[in-house]
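Let's take a walk through a protein model together.

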Number of protein chains: 2
Amino acid sequence: MRILGIDPGSRITGYGVVDVRDGEFKFVACGVVKTDTKQSFPARLKEIYDGIDDVIQAYKPQMAAVEDIFFARNPKSALKLGQARGAIITAVMNHNVPLSEYTAKQVKQAVAGYGQAAKAQVQHMVRALLGLNAQPSEDAADALAIALCLANHLKSRNHSAAPNLRPIMSSSILDV
Amino acid sequence: MRILGIDPGSRITGYGVVDVRDGEFKFVACGVVKTDTKQSFPARLKEIYDGIDDVIQAYKPQMAAVEDIFFARNPKSALKLGQARGAIITAVMNHNVPLSEYTAKQVKQAVAGYGQAAKAQVQHMVRALLGLNAQPSEDAADALAIALCLANHLKSRNHSAAPNLRPIMSSSILDV
């Protein structure tokens with residue numbers, strides 16, 4: 001099962017691709033879609049859509065997860081973030097990839113075992129869980145954490161006792 | 001020149017298609033894309049995307065305009081509206097249709113000659129300007145007003161003296 005995690009942002013959208021095989025997680029790819037802030041906002045939304053479209057075409061995930069957002073500093077930033085999220089979700093839906101949504105709290109809980117975990121802790125756990133020998137960028141790490149959250153939910157569904165994520169020791173090449 | 005106007009909404013998105021020929025406006029079509037509130041929000045965004053995609057394929061507009069939003073009641077509704085807008089904008093951009101954005105104030109100014117015009121006044125003017133013999137639904141009328149705003153800006157650009165919109169007397173069949 002190949003899973004795509006997406007961390008939405010109007011400036012930088014992170015993505016992470018993880019394989020789940022025999023209950024083990026394997027890093028596939030991660031990166032970011034950066035938009036050109038000199039462009040019009042519609043043109044930037046198109047960049048985001050195309051970026052996610054490219055990722056899906058390249059890695060052919062069977063499932064996807066995106067961070068659910070309930071909170072924004074103010075209506076203006078909520079509108080911007082919402083539009084980026086709308087572009088991302090339509091890109092995923094246009095490929096008929098089933099999409100799950102997880103709150104930041106759920107992601108932190110799944111990856112770090114604690115819903116209020118610090119960003120650095122989540123990043124550390126992502127690296128440990130996937131046996132990465134380099135630190136992904138913050139947005140890419142967040143996207144991998146979202147993918148791991150969905151992966152963990154799938155594992156929990158398949159096993160009666162829901163196991164916590166455990167770091168694996170194998171190393172992996174990071175294509176950031 | 002065929003113009004598509006879009007009034008974004010997560011529940012109901014209005015669309016209106018207007019032709020501009022020899023400085024005259026001609027009604028082509030208007031309607032709404034309604035989303036099934038029983039569906040997941042990603043599925044509803046896909047409905048909006050597909051609805052606008054269908055409208056563009058059916059009417060082949062050469063330009064499009066969407067209402068620009070700066071204000072929302074709260075971050076939560078801004079996020080919802082933003083996502084709908086993101087789905088709409090990517091649908092338009094994926095057809096390479098040039099997209100303009102106008103604030104509600106600009107639309108009211110162009111159609112009713114007054115930036116603070118009441119909704120009923122805008123609807124009345126849309127009907128008069130396009131010679132419609134029936135009242136479009138509120139969301140469809142708003143979308144037609146957005147299309148007329150872009151049409152008026154094009155006219156203003158082509159003529160040194162920017163004319164106000166004037167009602168036309170020809171009648172037109174309304175396919176709402």
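Predicted model: local features only at pLDDT ≥ 70, side-chain atom pairs only at ≥ 80, totals over all residues.

Leaving aside its neighbours within four places in sequence, which residues is A:Val107 in contact with? They are A:Tyr102, A:Ala145, A:Ile146 and A:Cys149, where contact means heavy atoms within 4.5 Å. A:Val107 belongs to helix α3 of chain A, residues 104-112. At 5% relative accessibility, A:Val107 counts as buried (buried means under 20% relative accessible area, exposed over 50%, and partly exposed in between, with a 1.4 Å probe and protein chains only).

Residues are numbered from 1 along each chain as its sequence is written, chains are lettered from A and ligands numbered from 1 in the order in which they are written, and side-chain values use heavy atoms, leaving out hydrogens and water.

Now step back to chain A as a whole. Chain A has 5 helices and 5 strands, where helices (H or I, at least four residues) and strands (E, at least two) are DSSP runs numbered from the N terminus. Followed from the N terminus on, the elements of chain A run β-β-β-α-β-α-β-α-α-α. Of the 176 residues in chain A, 57% are buried. Among contacts in chain A between residues at least 6 apart in sequence, 65% join residues at least 24 apart.

A loop can hold a buried residue, as A:Ser10 shows: A:Ser10 is in the loop between β1 (2-7) and β2 (12-21) of chain A, and A:Ser10 is buried, with a relative accessible area of 15%. Beyond its neighbours within four places in sequence, A:Ser10 is in contact with residues including A:Thr35, A:Phe41 and A:Lys80.

Over in chain B, look at B:Asp22, in the loop between β2 (12-21) and β3 (24-34). B:Asp22 is exposed, at 81% relative accessibility, and its phi is near 50 degrees, a positive value in a residue other than glycine.

How do the two chains meet? The contact takes 25 residues from chain B and 25 residues from chain A. Together the chains bury about 2100 Å², 73% of it on carbon and sulfur atoms; buried area is the accessible area (1.4 Å probe) that two parts lose on being put together, summed over both. On the side of chain B that touches chain A, the elements giving two or more residues are α1 (41-59), α2 (75-93) and β5 (99-103) of chain B. The most comes from α2(B), with 11 residues.

Finally, compare the copies. A rotation of 180 degrees, with 0.0 Å of shift along its axis, superposes chain B on chain A with an RMSD of 0.0 Å (by least squares on the C-alpha atoms of residues with pLDDT of at least 70 in both). That is the relation of a two-fold axis. The same surface serves both copies, as 100% of the contact residues of chain B recur in chain A.
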